[in-house]
Amino acid sequence: MRKLLVVLVILAGSLCFYVTRPSTIHEKVGGEPAPVVTQAPSGLPGTVRSLPQPLQLAYQAWNIRTVARQRIPREDWVPLKEISPWLPKAQVAVEDKRFYSHHGVDLEGVVRATLVNIQNDEVVEGGSTITQQLVKNLLLTSDQTMARKAAEMSLAFIVEARCSKEEILEMYLNTTFLGAGATGVKQASQVYFGKKPKDLSLPQAAMLAGLPYAPTALNPYNNWRGAKKRRNLVLQRMYEQQMITDTQLEEATSEPLRIGN
């Protein structure tokens, strides 16, 4: 516990600037504004509520499992073992190929994004890992600033120290907005395919994995071509990372984008 408190105090310093800034700018995700969380979840213990806000955020990151569970109805939560194994593979392939080797922040991705941002003189690429996206979705606003990115990275380290990779994937798949009014894999599987998450096929899982990039713009009910193009990109990434064979790639990309119950 003493080590934890020391870590939280150190990380809190990187959060102080972020929490004092107004949160009115939306971050661009795939060309559309991401949903903004205006405040952290309620229900903090009294002793924690009396702490400075950076320490409150650090506490919530340490207890991210509880925060995630509060975000959706209990009946909509699906354990990872009850989700088609294609979906977590597809999500990692398209969003965070070094997910299983980093500790919350992908330094190679950060360097690449930093160079791109310097060239454009603004934050146009985030380099966020799945863990960072989980943190942003559950604990932070989506303002497009370097301060928020620094806070996001600090909290991601805490989440990775606390949770297994499987737990992080489960929380992410259950709490991410996936378009058409669906939050989480259970709602999205039903809305788009009339299925349970465990019954998703490879191309169906690939389509869902592509939606967090731009859940409204890529909603297949509104943008059939865009959704299929994104699905096929996910499948290509899976093939490049040796998750599927060339035969599976060919069959999945040629399958029609069947949606609806």
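Trainee: Which residues have the most contacts inside the largest nonpolar core?

Mentor: In this predicted model, the largest nonpolar core has 58 residues, and those with the most contacts inside it are Leu87, Leu139 and Leu208.

Trainee: And which helix gives the most to this core?

Mentor: That is α11, which contributes six residues to the core.

Trainee: OK, holes next. How many cavities of 30 Å³ or more does a search of the whole structure find?

Mentor: The search of the whole structure finds one cavity of 30 Å³ or more, and the volume of the largest cavity is about 50 Å³.

Trainee: What lines the largest cavity?

Mentor: Its lining is made of Leu87, Gln91, Tyr172, Leu173, Thr176, Leu178, Val185, Leu208, Ala209 and Pro212. The elements that give two or more residues to that lining are α5 (86-95), α9 (165-175) and α11 (202-210).

Trainee: How do the lining residues divide into nonpolar, polar and charged?

Mentor: Eight of the lining residues are nonpolar and two are polar, while no charged residue takes part in the lining of the largest cavity.

Trainee: Switching to rings: how many aromatic pairs are there?

Mentor: The count comes to three aromatic pairs. One of them is formed by Tyr192 and Tyr221, which are stacked, with 5.7 Å from centre to centre and 25 degrees between the planes.

Trainee: Where in the chain do Tyr192 and Tyr221 sit?

Mentor: Tyr192 is in helix α10 and Tyr221 is in the loop between α11 and α12, so this pair, 29 residues apart, links distant parts of the chain. Ring pairs also join Tyr192 and Tyr221 with Phe193 into a cluster.

Trainee: Is Tyr192 buried or exposed?

Mentor: Tyr192 counts as buried because its relative accessible area is 0%, which is under the 20% cut-off for that class.

Trainee: What about charges over rings: which residue lies over the face of Trp86?

Mentor: Lys89 lies over the face of Trp86, at 5.3 Å from the ring centre. There is also Arg230, which lies over the face of Tyr213 at 4.3 Å from the ring centre.

Trainee: Now the backbone. What is the phi of Ala180?

Mentor: Ala180 has a positive phi of about 55 degrees, although this residue is not a glycine. Ala180 is found in the loop between α9 and α10 (185-193), and its relative accessibility of 35% is why Ala180 counts as partly exposed.

Trainee: And where is Gln242?

Mentor: Gln242 belongs to the loop between α12 (224-240) and α13 (246-254). Here too a residue other than glycine has a positive phi, in this case near 60 degrees. Gln242 counts as exposed because its relative accessibility is 73%, and the class of exposed residues begins over 50%.

Trainee: How far apart are the C-alpha atoms of Val159 and Thr131?

Mentor: Those C-alpha atoms are separated by 7.4 Å, while Val159 and Thr131 are 28 residues apart along the chain.

Key: Residues numbered from 1 in each chain as written. Predicted model: local features only at pLDDT ≥ 70, side-chain atom pairs only at ≥ 80, totals over all residues. Heavy atoms only, no water. 1 Å grid on protein atoms, 1.4 Å probe; cavity = no way out; pocket = protein on both sides within 12 Å on 5 of 7 lines; lining within 4 Å. Points joined across faces, edges and corners; volume = space filled by probe spheres on them. Helix = DSSP H or I, 4+ residues; strand = E, 2+ residues; numbered from the N terminus. Nonpolar A, V, L, I, M, F, W, Y, C, P; charged D, E, K, R; others polar. Buried < 20%, exposed > 50% of the residue type's maximum accessible area, 1.4 Å probe, protein only. Phe/Tyr/Trp six-rings, centres within 6.5 Å; stacked < 30°, edge-to-face > 60°. Lys NZ or Arg CZ within 6 Å of the ring centre and 35° of its normal. Core = buried A, V, L, I, M, F, W, Y, C linked by side-chain atoms within 4.5 Å.
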